[in-house]
Amino acid sequence: QVQLVESGGGLVQAGGSLRLSCAASGRAFSGYRMGWFRRAPGKEREFVAAIRRTGGTTYYADSVKGRFTISRDNAKNTASLQMNSLLPEDTAVYYCAAGPSDTVVFARWIKEVEYDYWGQGTQVTVSS
């Protein structure tokens with residue numbers, strides 16, 4: 001079992017920045033690919049970004065590429081999502097997730113079924 005707790009959400013003006021953190025406890029954090037997903041009001045949950053176990057490989061949704069950066073610190077059992085140049089359409093509940101597979105097939109990274117453990121989510125609201 002892996003327990004995930006997100007933090008760092010809040011209200012920010014368009015163009016601003018936020019940094020989300022995901023604290024993991026339980027089984028070996030370094031054995032999991034970490035991902036961030038989000039659910040906007042009235043929409044399905046969607047993939048945002050993911051990072052491989054060792055942190056050497058990352059992948060982003062086109063909508064956030066160049067603005068968001070995912071990172072991890074395996075010594076501290078944390079994953080982070082730095083969000084810059086935020087847009088109103090980035091408003092959503094953000095979830096971190098842990099997946100056991102070490103695949104580098106990005107088409108799998110974006111799928112919710114590839115992640116076994118989920119946090120409770122943190123709200124990000126971007127005002128225009």
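Author: Buried residues, those under 20% relative accessible area with a 1.4 Å probe and protein chains only as cover, make up 44% of the 128 residues in this chain. This is a predicted model, in which local features need pLDDT of at least 70 and side-chain atom pairs count only at pLDDT 80 or more, while totals for chains, interfaces and linings use all residues. Residues are numbered from 1 along each chain as its sequence is written, and side-chain values use heavy atoms, leaving out hydrogens and water.

With 128 residues, a compact globule would have a radius of gyration near 14 Å, and the chain agrees at 13 Å (taken over C-alpha atoms; the rule is 2.2 Å times the number of residues to the power 0.38). Contacts (heavy atoms within 4.5 Å) tell us about reach along the sequence: of those between residues at least 6 apart, 61% join residues at least 24 apart.

One helix and eleven strands make up the chain's elements; these are DSSP runs, H or I of at least four residues for helices and E of at least two for strands, numbered from the N terminus. Leaving aside residues up to four places away in sequence, Ser-101 touches Arg-33, Arg-53, Arg-108 and Glu-114.

Methods
Buried < 20%, exposed > 50% of the residue type's maximum accessible area, 1.4 Å probe, protein only.
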